[in-house]
Each structure stands twice: as C-alpha cells, then as structure tokens.
Number of protein chains: 2
Amino acid sequence: MPISDTVNTQIILTSRPVGIPQVEHFERTESAIPKPGEGQFLVRNRYISIDPAMRGWANTAKNYSEPVALGTVMRAVTAGDVIASRHPDFSVGDRAVGTFGLQEYAVDDGTKLRFKVPDLGGADVPLSTFLGVLGSTGITAYCGLMFIGEPKPGDCVVVSTAAGAVGSVAGQIAKLHGCRTVGLTGSDEKVSICLDTFGYDAAINYKTAELDAALSEACPEGVDIYFDNTAGPISDAVYKKLAIGARSIICGTASVAVWSPPPDGPRIERTLLVSRARFQGLYTFDYKDRWPEVQSQLCRWYLEGKLNHRVEIHEGIDVATAAIQRLYSGENLGKLMIRI
Amino acid sequence: MPISDTVNTQIILTSRPVGIPQVEHFERTESAIPKPGEGQFLVRNRYISIDPAMRGWANTAKNYSEPVALGTVMRAVTAGDVIASRHPDFSVGDRAVGTFGLQEYAVDDGTKLRFKVPDLGGADVPLSTFLGVLGSTGITAYCGLMFIGEPKPGDCVVVSTAAGAVGSVAGQIAKLHGCRTVGLTGSDEKVSICLDTFGYDAAINYKTAELDAALSEACPEGVDIYFDNTAGPISDAVYKKLAIGARSIICGTASVAVWSPPPDGPRIERTLLVSRARFQGLYTFDYKDRWPEVQSQLCRWYLEGKLNHRVEIHEGIDVATAAIQRLYSGENLGKLMIRI
C-alpha cells in the first residue's frame with residue numbers, strides 16, 4: 001500500500017500475546033499527521049527496526065521498560081528525517097534514531113531520541129546502518145563484549161545467534177581484540193556467513209551438530225567469554241565448557257519462547273562457583289553516557305572496512321508484524337528492518 | 001581415644017561418596033610421626049576445620065582443586081603449632097593455618113600453608129578463631145561481600161545460611177557498611193541467633209515461612225546483594241526479588257546434595273537480563289594477594305568487638321567424619337571444628 005502524504009499510518013497493539021507477538025495481535029490504523037508543538041520536532045520514519053525487545057514490550061512480564069498499552073502504537077526503534085522542528089536542537093534535515101514507534105510520522109521533544117545520526121565527514125553511509133551496526137545493535141554488542149566481557153587477546157569467545165545483528169558485531173569486535181571466535185547459529189547457510197562474512201574462527205550449526213562434542217573441539221581450552229543471545233539448551237551446552245574466570249554476557253533469551261513462568265533447566269550455581277564465572281545481564285542504556293565514544297569507535301572500524309554487516313530490509317509498514325514473527329523463527333539473514 | 005605422642009593418627013578417604021561424604025567413606029589409621037626434611041617444618045594440628053568444601057574434595061566432579069586420592073589422608077584445613085622446623089621462615093612456636101589434613105601431625109614446605117597466625121599485640125585470641133572469623137570463613141565472607149557484592153549504604157543484603165560460619169560474617173560486614181541485612185536460616189533457634197548475635201535487621205526461617213511473602217516483606221525495595229551459600233529453591237525465591245543492578249555472590253551450594261548432573265530449576269537468564277544482575281562464583285584464593293589486608297581488617301573489627309562469632313567444637317579426631325555429616329544436616333550452631 002503506498003505511503004500517504006496526508007495521513008499517518010500506524011500499527012496498534014490490540015491484544016496481549018503470550019510469548020512471541022503474532023500478526024493477529026496488531027491492527028493497522030490511520031490518523032492525522034501530528035504537528036510539532038513548541039519544543040517538539042516531527043520525524044518522518046524511513047526505517048523501522050525489528051528487534052527481539054519487541055516481545056518484551058508487547059508482554060506484561062517484568063521487563064526493562066513499561067509494556068506498550070493496548071490500543072496504542074507499537075513501540076519500535078526507527079530512523080527518520082526531521083521534517084519540521086520547533087525544538088532548538090533539531091533542524092529540518094537532521095536525521096534521528098529513536099523509539100518513534102511503528103508508524104510513519106512521530107513528534108518528539110527529545111525524550112524518545114536515541115541519537116542524532118552523526119556526520120561522518122561526508123561518507124555515504126545509508127541511514128539504515130544506524131539501526132544496525134552503527135546503531136543500537138552495534139552499540140549493544142560493543143557494550144556487552146567490552147564492558148562486561150572484558151576480552152583479552154587469546155580468549156575464546158563463543159557467540160550465540162552468531163550471524164545475527166548483535167552477535168555478528170560481537171564476534172567481529174572480539175576478533176579485532178585478538179580473541180578466538182566461535183559462532184553458534186541455526187543453519188548451514190548461516191555457518192557459511194559466520195565464517196566468510198564475519199570472520200569467526202569456527203562456526204557450529206547447533207541444530208545439526210552434536211553440540212557438546214562440537215564445542216569441545218572448537219574450544220579446546222574452554223570458553224572464556226560467552227556472548228549469549230539465546231539462553232536455553234544452547235547455553236546449557238556452553239556452560240559445561242566455561243573456563244576458569246569466564247564471563248557470560250546475557251544479552252538476549254531468544255530461544256525460550258515463554259518466560260512467565262521461567263521454564264526449568266539445569267541449575268547453574270555450581271558451574272558458576274567452580275568456574276568462578278561471572279554472568280551479567282546487559283542493558284545497553286546503563287552505558288548511555290558512553291554511547292558517543294562507542295559509536296565513534298564503531299564508525300571508525302566501519303569506515304576502515306573492519307566491520308561487516310548484513311541487513312534484510314522488507315518493504316512497507318504492512319509487513320512489519322509478520323517480520324516480528326520472522327525474527328523469532330531465525331530465518332532472517334541480517335539485521336531485520338522495514339523501509340517505509 | 002587419647003592422642004598418642006608416638007604415632008600420627010590419620011583419617012583416610014577409602015571410598016568415593018556420591019554427594020555428601022559419610023562416616024563409611026573413611027577409615028582411621030596410624031603411622032609414624034613424620035620428620036621434617038630440609039626446607040620443611042612439622043605441625044602438630046590442634047583444630048581441624050569442618051568445611052562445606054570437603055564434599056567437593058571427596059568427590060570427583062570438576063571442582064576448585066584435585067579430588068583427594070583414595071587411600072590418602074582426607075584434606076582438611078587445620079590450625080596447629082610448629083613443633084620442629086628446618087624451614088628458614090618457620091620457627092618452633094609459630095602457629096600456622098593450612099591444609100595440613102585430617103591427621104595429628106603434618107610436614108610441609110610452605111605449599112599447604114594458608115597463613116601464619118598473626119600476632120595481635122598480645123591480645124588473647126584463641127587459635128580456633130583463625131579457622132573461623134579471623135581465618136578462611138571470615139576472609140571468604142569479606143572477599144565475596146566486598147569485592148563481588150560491592151555494598152553501598154542502604155543496600156538490602158540477603159544472606160543464606162545466615163547464621164553459618166561464612167554467612168554470619170557476611171551479614172555483619174554488610175551491617176558495618178550501612179546495609180539492611182536479611183538472614184535466611186533453617187530453624188527458629190537460628191533466627192534468634194541471627195537477630196540477637198549477628199544483628200540482622202530481619203531473619204526468616206525458610207523451612208516454616210512462606211518464603212516469597214516473607215522476602216517481599218523483609219525486602220520491600222528488592223534485593224541488592226544476595227550472598228548465597230545454598231543455591232536451590234531458597235535461591236529461586238530470592239532471585240524473584242532482585243533489584244535492578246543486583247549482585248549475587250555464589251559462595252556455596254549447600255542445599256543441593258548432588259550436582260552431578262545438576263538438578264533442574266527455573267532458568268535464571270531472563271531474571272539476570274531484566275534486572276541487569278551480576279552473578280559471580282567466589283573462590284577466595286583468587287584474592288590471595290589481598291588476604292593480609294582483609295585479615296588485618298577482620299582482626300581490627302574483632303578486637304573492637306564488632307564481629308560476633310560462634311563456634312561448635314567437638315573433641316577428638318574420631319568424630320571428624322560424623323561432623324562432616326552434621327555440617328550438611330544444618331544442625332550445627334557455629335563454625336564447626338574438631339579439637340585434637
């Protein structure tokens with residue numbers, strides 16, 4: 001359906017999923033394009049990021065942020081153009097990334113902003129990149145790996161959802177720091193992507209490999225850092241291989257569909273104790289004061305050609321909710337987003 | 001049985017327990033008192049510490065240290081007198097704490113030493129104290145609480161096995177740092193000890209209380225630090241109350257009898273993620289370079305009357321193996337040790 005220039009197409013959360021949001025939990029609606037009041041600016045969204053966090057936003061379980069209220073626009077991180085402004089810090093032509101929602105247009109006073117898209121000296125970097133490797137997913141990977149994982153040269157770093165938007169950046173940053181990198185992923189195609197595009201030293205298809213044996217082979221001296229985006233049985237296998245002093249960055253729990261209540265799995269306290277391991281949950285916003293330096297470093301690597309990335313861009317706001325389902329199916333082959 | 005002055009009575013590990021060592025896994029034997037060679041000293045053990053670590057030492061599962069070989073003296077931490085020395089750093093009359101084993105006499109070249117008992121300016125401090133609050137258990141509590149827990153005034157600190165040798169020191173140090181302290185323990189008698197002797201702000205009998213509700217009442221703003229000596233269902237209840245940024249010190253896993261393989265329990269990754277909690281296994285030896293300063297601080301507090309402690313001392317090496325069983329029954333009311 002073509003974009004209207006007079007109405008604001010929006011995707012509304014209409015019912016509460018248990019677990020992963022499905023198409024039927026949303027409805028499309030249209031409203032008037034909002035006008036920025038004093039101290040506000042108007043953004044025309046161009047790209048909508050499809051993120052694992054959307055599950056938590058749509059559910060009511062305890063989470064980072066308040067759940068999205070039923071009957072309101074689904075929360076989403078987007079990148080767009082400022083097309084009108086009554087805010088002193090924003091001008092028409094600025095590009096902004098923020099939680100501007102699953103809709104075409106949004107007004108904001110700056111509270112939904114994540115960052116203004118930086119000027120990279122005229123380099124031609126697509127706006128979509130700032131929803132991925134130079135945006136939240138890259139920043140998340142950097143903060144988790146560097147501030148929690150504290151990689152040292154020679155460390156063995158295992159990444160789950162290794163070809164994913166966050167995992168692929170974590171793997172590459174670990175490699176840039178002299179680590180041995182081992183990727184866990186869910187198809188042979190993604191194994192190839194891990195090896196060829198993201199430079200992992202080894203990659204394992206956890207769906208077909210005998211995971212315990214494959215990990216032992218890939219990590220003969222144990223796992224020093226586990227960058228975990230899945231939890232569940234994949235993580236159980238990694239936990240058995242933790243080296244003394246291991247660090248586990250708990251960044252996501254994608255392999256477990258329903259956490260309320262938590263499913264059972266092998267207790268890990270003894271593993272933590274014997275390995276003197278440190279497990280820590282990652283919330284990127286806890287490092288918000290460091291985002292500018294982190295983003296600058298990511299941009300430097302990117303412009304030097306040291307950070308590969310993949311995007312899978314679907315067309316049109318109407319496919320957004322199907323894309324959320326697709327994200328959890330693990331079928332996407334790059335940072336998933338919608339162009340509108 | 002009286003101590004002989006001509007033979008060395010020893011307790012030998014003769015079979016491998018599954019889980020908690022029992023009396024039948026050991027045998028008493030006698031051998032000649034060893035003579036120190038060049039570079040060695042001879043210790044007459046006076047007190048033998050009965051520690052949760054003994055389970056791990058007697059089993060074969062992956063652990064901090066090598067399992068005790070069958071047919072050899074059971075590993076134990078002891079405090080004793082140096083009664084002969086051909087080692088330049090040790091003199092007759094020195095008092096030493098080390099893993100000198102479940103026996104009357106031991107020779108060592110310093111590799112089994114944990115520390116020489118410091119001179120506290122002539123203060124009359126019983127030697128047994130250096131197996132407890134001024135020794136490994138106090139040092140363990142300090143290292144875990146301070147270096148992993150990083151307490152801040154006003155933090156809510158929950159301690160499991162709160163009246164125990166490690167837990168009671170952790171609770172008191174937390175209180176000295178301005179924290180609110182909540183003890184979990186297994187009898188009403190120990191609840192009273194927690195409140196009256198160790199100064200907890202609240203104490204809960206986890207065997208009789210409705211633990212979820214009791215924790216909510218005792219920790220209305222959530223748990224900032226969990227000093228965990230139990231794991232298992234007690235910990236599951238605490239995990240539900242973790243505050244944002246919580247730290248969990250995994251010091252022991254006493255409530256789970258068999259860890260090989262680990263029993264199932266609720267998966268905790270989502271809790272870690274949402275709370276941005278940090279869980280870390282504690283191994284006191286990782287902080288060995290800081291032991292002197294830690295022990296000095298503990299001694300200062302002790303001499304100032306700020307650290308209460310309880311000991312339960314049994315008489316005679318023949319009751320040592322029964323004491324190990326007793327430790328896991330939770331019936332002891334203080335740091336458990338044997339005087340020989």
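**Two domains, two chains**

The C-alpha centres of domain 1 and domain 2 of chain A lie 28 Å apart. Domain 1 covers 7-132 + 310-339 and domain 2 covers 138-285, with bounds that come from an automatic or database domain assignment. Their contact takes twelve residues from domain 1 of chain A and twelve from domain 2 of chain A. Two residues are in contact if their C-beta atoms, placed from the backbone, lie within 7 Å. On the domain 1 side, seven of these residues are nonpolar, three polar and two charged. Ala, Val, Leu, Ile, Met, Phe, Trp, Tyr, Cys and Pro count as nonpolar, Asp, Glu, Lys and Arg as charged, and the others, Gly among them, as polar.

This is a predicted model: local features need pLDDT of at least 70, side-chain atom pairs count only at pLDDT 80 or more, and totals for chains, interfaces and linings use all residues. Residues are numbered from 1 along each chain as its sequence is written, and chains are lettered from A and ligands numbered from 1 in the order in which they are written.

Now chain A as a whole. It has nine helices and 16 strands; these are DSSP runs (helices H or I, at least four residues; strands E, at least two), numbered from the N terminus. The C-alpha trace of chain A spans about 60 × 45 × 35 Å along its principal axes. Buried residues account for 50% of the 340 residues in chain A. Buried means that 20 or more other C-beta atoms, placed from the backbone, lie within 10 Å of the residue's own. Of the contacts in chain A between residues at least 6 apart in sequence, 67% join residues at least 24 apart.

Next, the pairing of the chains.

The contact between the chains takes 30 residues from chain A and 30 from chain B. Strand 13 (264-266), helix 7 (269-275) and strand 14 (278-281) of chain A each supply at least two residues of the chain A side. Helix 7 of chain A gives the most, with six residues. The chain A side divides into 15 nonpolar, seven polar and eight charged residues.

Methods
A residue is buried if 20 or more other C-beta atoms lie within 10 Å of its own, exposed if 12 or fewer, and partly exposed in between; C-beta atoms are placed from the backbone.
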